[in-house]
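Have the sequence at hand as you read.

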Amino acid sequence: MAFSNQSSCIITDSKSNMYNLLWANNNIELIFFDKLLGNVEKKTILRDCMEEFDTYINEEDIINIVFQKHNGNIKLLTNKNGVWGSEILVTESKTKAYNFNIVNYDNKVHIFYCLPYRENKRKYSLYHCYTEEGKWTINNLGSIIRKDVLNPMQTLIFNNEIVLGYFDLVDDVEQLFVKKYSLHDNKWSIGMQLTTNMNKKMYLDMISVKNDLYVSYSESFEGNLVIKYEKYDTMNNFKKLDERILSNSSNCSYPTLIVFDNKLWNVWTEYENVMSVYAEDTGLNWSEPYLWRESKHGIFVRYKFCTNEDKIKKAYKLNHSFGKIYPDIAFLGFGNLDKAVKVPLNSNIISHEQNKKKENIDTNDSYYDNFYDPFESVLKNISPVKGKK
């Protein structure tokens, strides 16, 4: 299977309908899986768009999609009860927007993105848009500077705050920062630097569980990239609780954190394969890497995933997942280990981590006998795709 770095999202609503959004040929296409009627329809919902977009579904099954047209307009598309509507947030931006992030709290939409300076393409302004009394407020949160590439941002909501994670250069090295926004008084904290090591960093994923923040990114190691994992106590001024390397030294990219059935997984791509490790004890002890055999056949993507379905919310906690594309949509990289092959850690990684306590984790495949597939009930009785592009 080959990895396709295509902007893709999967949404499921409270009625188990599924929406698969993907960018292709300057358009955003929708594959809609109707659970009640048992059919699927494919159509183009937006034309002449930049490749970056983001989406979210709120508790009332209202879908929001933020995107940019080629004329520079940054727009919000909304689907409410099957009716689409749009509004312009920014008119004719002179530069391309990056890192769209959209979250929803108490039915209030918050949108984040960054725009490059026209005079310095390595410097970007961070923007936060939100609705207030029916009007859009746009705040400039300051600037960041990239080195070789612009890394993604990540937004989370917990403890009545939005936490924004992003990289900025310190002494010409990427360092991870977090900035907090109070949802009660609409105020931002100053950025707090979490990392200090002098290694190159790429990509980013974060999830929160109770009062802990889990962070993962790719870091340079012996001329290659490894998957780095860190854990922070959000109630103690983001005190670092743990830090370690989880992969071999390779071209490890797009780390993706997932909580499923009381296990914490870290999934990534490596030489066109899906790899992963897991921990059963909130990240204290990790398994050796696993290579997922299904990733060697066909094409897979990295989905943004959001749901309004209670059963899925209880079974999963994730922002993204690798997965197969239509018509065989399925998650990849975690679950039943019968589909994976263990890959031992190289001695150089073990030596690097030898000052940390390591324990063997026994694999118990029966642990996944009741693996819940969030797409099975939707796809099982679906008729062939219809509709035109």
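Strands here are DSSP runs of E with at least two residues, and helices are runs of H or I with at least four, both numbered from the N terminus. The model is predicted, so to speak, with local features needing pLDDT of at least 70 and side-chain atom pairs counting only at pLDDT 80 or more, while totals for chains, interfaces and linings use all residues. Residues are numbered from 1 along each chain as its sequence is written, and side-chain values use heavy atoms, leaving out hydrogens and water.

Let's begin with Ser247, in the loop between strand 22 and strand 23 (253-260). Ser247 is buried, with a relative accessible area of 0%; buried means under 20%, exposed over 50%, and partly exposed in between, using a 1.4 Å probe and protein chains only. Leaving aside residues up to four places away in sequence, Ser247 touches Val226, Ile227, Cys252, Trp268, Leu345 and Ile349 (contact means heavy atoms within 4.5 Å). Its side chain also reaches the backbone nitrogen of Ile227 at 2.8 Å.

Ser216 stands opposite Tyr229 in strand 21.

Now for the charged residues. Side chains of opposite charge can pair when their charged atoms come close. The whole structure holds 14 salt bridges, each a side-chain nitrogen of Lys or Arg within 4 Å of a carboxyl oxygen of Asp or Glu. In one of them, Lys96 meets Glu51 with the closest N and O atoms 2.6 Å apart. That pair links distant parts of the chain, 45 residues apart: Lys96 lies in the loop between strand 9 (83-90) and strand 10 (98-105), and Glu51 in strand 6 (residues 49-57). Lys96 is partly exposed at 23% relative accessibility, and Glu51 is partly exposed at 30%.

Another salt bridge joins Lys200 and Asp148 (3.3 Å, N to O). Lys200 sits in the loop between strand 18 (192-193) and strand 19, and Asp148 in the loop between strand 13 and strand 14, so the pair ties together parts 52 residues apart in sequence. Salt bridges that share partners also join Glu219, Lys228, Glu230, Lys240 and Glu243 into one network.

Definitions and conventions:
Pairing = 2+ DSSP bridges. Polar contact = N/O pair within 3.5 Å; in protein donor to acceptor, adjacent residues only side chain to side chain.
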